[in-house]
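Here's a quick briefing to read with the model open beside you. Have a look at the fold before going on.

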Amino acid sequence: MARWIGGKCRPISLRTPYPWRPRTFRSNAALEAIATAAEEKVRTVALYNYPSFSGAISALFAHLYHSRLNLPCLILPSSSVEPLRVEDFCVEGEGLDTCYLLDFIGPKGFASKLSQQAMCEVIAFDHRKPALTQIDCCGDPRVTFNVNLAKSSSAAVYEYFSNKLVGAANLLNSEDQVRLEKVLKYIEDADLRRWSLPEIKAFTIGLSEWRSKLNCITNPYMYEQLLGISSSDLIAKGNLDISSRQIAANKFLDKTFKVRLGRGLYGECLGVRADGNSDLSDEIGKQLSLKSAKAGLRPIGAVICYNFRRKNLKMCLRSTDTATDTSEVAKAYGGGGCPSSSSFIIRMDEYNQWRS
């Protein structure tokens, strides 16, 4: 097994200094990489939010910066499910110089505790509003929080490392720069929930298949793959997926029936059973919403799916009409959602009362 440390690919043995710990995301491989880095006096660490794409591409920029200057740096994914701990970086009393937190700042007090116990500077990047409540104003000058609600973490990290390289080298060559800066604009559009760029939905769908590739421990080619990523390729892949899903959803549209929402209290709409196809609820529901409106019913599509594992019925409501609030029905029956998309669990006897 090997890990990237600085500009070299170093071998790491499978012997673990933590044999009593179970195999979780905070894995033996990650802990071994930390121990090996400590032995080799690697004093810069970058932790990135996993499985966030913004976190992974931020890790790419940290990797490129340290590689350009031939500086050793240990880069590891960090998951909120089983995060790395401060004490993991205090191996045999060794400290650090710098620790980057990319696309997350950790729980309250994490950065200051890391700075104190690892005796290092901590530089964190995030763009999420909840991060503001996690900032620990400890007054430690070695801790810097870069939280900008108007800029995605990946864009901020890209600017940070690009500016540090001024006069030394370029973070990206001209061809990669044009391509990746366009990718960054799309990532920011999605991260900040703007959804304003053309084909942004297709982009995010195309990006979804990358989730399994964003762990640099299990995927040693992550940086190379991210460096070659293209927004046009992702959009094309996303559109292909949208098209195939829509074709699959259309097969249900000739099996509709009337649904008396709340036994008629909330009007009537068209519904369909889609057992085993709950992943198509959004596509089916939106098309049903249009068909329902044309039939003179409420512009709502009801997609009902039986969960064979939990042995219950779930009703998903969708609407393409901005004046319609589907969540009022869902909330009345213990569910929730937003005006255009909501869902709830419905008893079989109650569901039978809604069928028309």
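What follows covers the cores, a helix pair and a sheet.

This is a predicted model, where local features need pLDDT of at least 70, side-chain atom pairs count only at pLDDT 80 or more, and totals for chains, interfaces and linings use all residues. Residues are numbered from 1 along each chain as its sequence is written, and side-chain values use heavy atoms, with hydrogens and water left out.

**Cores**
- The largest nonpolar core has 44 residues, and F53, I57, F61 and F203 touch the most other members.
- A core here is a set of buried (under 20% relative accessible area, 1.4 Å probe, protein chains only) Ala, Val, Leu, Ile, Met, Phe, Trp, Tyr and Cys residues joined through side-chain atoms within 4.5 Å.
- Helix α2 (residues 53-68) puts in the largest share, nine residues; helices are DSSP runs (H or I, at least four residues) and strands are too (E, at least two), numbered from the N terminus.
- There's also a second, separate core of 29 residues, with A33, L76, F110 and A118 among them.

**Helix pair**
- Helices α7 (residues 200-208) and α9 (residues 231-250) pack at about 90 degrees, axes 7 Å apart; axes are lines fitted to C-alpha atoms over the stretch in contact (heavy atoms within 4.5 Å), and angles run from 0 to 180 degrees between N-to-C directions.
- That makes α7 and α9 roughly perpendicular (65 to 115 degrees).

**Sheet**
- Six strands form an open, mixed sheet ordered β8-β9-β10-β11-β13-β12; strands pair if DSSP finds at least two bridges between them.
- The edge strands are β8 (257-260) and β12 (336-338).
- Four bridges join β8 to antiparallel β9 (residues 268-273), and F257 has G271 as its bridge partner in β9.

Notes
Buried means under 20% relative accessible area, exposed over 50%, partly exposed in between (1.4 Å probe, protein chains only). Angles under 35 degrees count as roughly parallel, over 145 as roughly antiparallel, 65 to 115 as roughly perpendicular and the rest as oblique.
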